[in-house]
Amino acid sequence: FYYASGNSQLLGFILENATGMAVSDYFSKKIWGRINPLQDALWSLDTKDGMEKAFCCLYATTHDYAKLGQLLLQQGVWGDDTLIQPSTLDALFSFATLADGRTNFSYGMHFWLVNHPKEKIVYARGILGQYIIVFPSSKVVVVRTGHQRKDKFEIPSDKINDKSFIEKNKYKIDHPLDLFEYVDLVFEHLQPEK
């Protein structure tokens with residue numbers, strides 16, 4: 001329940017061993033080929049003719065990334081088919097209790113989680129500011145393709161002892177600042193007009 005690329009890569013090895021299929025072939029058969037993408041996706045390899053980088057580097061169009069987000073929003077259901085069991089997604093999107101008893105409110109099982117005051121948000125995050133952001137309660141998916149990501153939110157040094165400020169902003173910890181630009185835009189758009 002801590003972000004580590006190596007964990008995702010190990011999961012890729014386990015998946016290949018269990019299924020006898022490359023990660024990309026398994027993903028194509030079980031998910032990608034069933035959501036009617038507009039384009040083929042590409043998965044980066046570690047070397048020429050090597051293995052997929054299971055921790056990153058799935059290249060697709062913005063439209064097709066939105067379809068992945070929609071699949072998550074629909075609890076793994078696409079049309080009349082259940083591609084991912086809702087119980088599996090519930091587990092993936094749950095805040096974890098760590099060994100020391102604390103709750104990790106920012107990362108679940110391979111997905112980032114925001115315990116936003118308005119609603120829990122789930123998202124996938126690329127290193128250069130790419131996002132698939134899912135707002136389950138609001139029924140919204142946002143995709144951002146980018147080339148730069150802002151720094152992560154940190155409690156300013158002059159607010160380190162301000163319990164009120166920390167309580168109000170703790171949901172931002174571990175998340176890039178630009179994420180909240182997109183989150184704020186969604187919530188502004190969803191507010192009823194006065």
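Biologist: Which residues have the most contacts inside the largest nonpolar core?

Modeller: This is a predicted model, so read each feature as part of a prediction. The largest nonpolar core has 24 residues. Those with the most contacts inside it are Phe27, Ile31, Ile35, Leu68, Leu71, Leu83 and Phe93.

Biologist: What does Leu71 touch, not counting residues up to four places away in sequence?

Modeller: Leu71 touches Ile31, Ile35, Gly76, Val77, Trp78, Leu83 and Ile84. That count leaves out residues up to four places away in sequence.

Biologist: How many residues are in the second, separate core?

Modeller: The second core has 17 residues. Tyr107, Val142, Val183 and Phe187 are among them.

Biologist: Take His116 next. Is His116 buried or exposed?

Modeller: Buried means under 20% relative accessible area. His116 has 9%, so it is buried. His116 sits in the loop between strand 7 (112-115) and strand 8 (120-125).

Biologist: Which residues does His116 touch, not counting residues up to four places away in sequence?

Modeller: His116 touches Ile121, Tyr171, Val183 and Phe187, again leaving out residues up to four places away in sequence. Val183 and Phe187 also belong to the second core.

Biologist: Now the surface. Which residues make the nonpolar surface patch of about 260 Å²?

Modeller: Leu10, Phe13 and Met51 make that patch. Phe13 is found in helix 1 (residues 5-19). The relative accessible area of Phe13 is 35%, so this residue counts as partly exposed.

Biologist: Let us turn to covalent links. How many disulfides does a search of the whole structure find?

Modeller: A disulfide is a covalent bond between the sulfur atoms of two cysteines. The search of the whole structure finds one. This disulfide joins Cys56 to Cys57, with an S to S distance of 2.0 Å.

Biologist: Is the link of Cys56 and Cys57 left-handed or right-handed?

Modeller: Read the angle about the S-S bond. For Cys56 and Cys57 the value is -70°, and the link is left-handed.

Biologist: What is the relative accessible area of Cys56? And what is the value for Cys57?

Modeller: Cys56 has 24% and is partly exposed. Cys57 has 21% and is partly exposed as well. The cut-off for buried is under 20%, so neither cysteine counts as buried.

Technical notes
Residues numbered from 1 in each chain as written. Predicted model: local features only at pLDDT ≥ 70, side-chain atom pairs only at ≥ 80, totals over all residues. Heavy atoms only, no water. Disulfide = S-S within 2.5 Å. Buried < 20%, exposed > 50% of the residue type's maximum accessible area, 1.4 Å probe, protein only. Core = buried A, V, L, I, M, F, W, Y, C linked by side-chain atoms within 4.5 Å. Contact = heavy atoms within 4.5 Å. Patch = residues over 30% accessible without salt bridge, like charges linked within 9 Å, V, L, I, M, F, W, Y side chains within 5 Å. Areas by Shrake-Rupley, 256 points an atom, 1.4 Å probe, with all protein chains shown as cover. Salt bridge = Lys/Arg side-chain N within 4 Å of Asp/Glu carboxyl O. Helix = DSSP H or I, 4+ residues; strand = E, 2+ residues; numbered from the N terminus.
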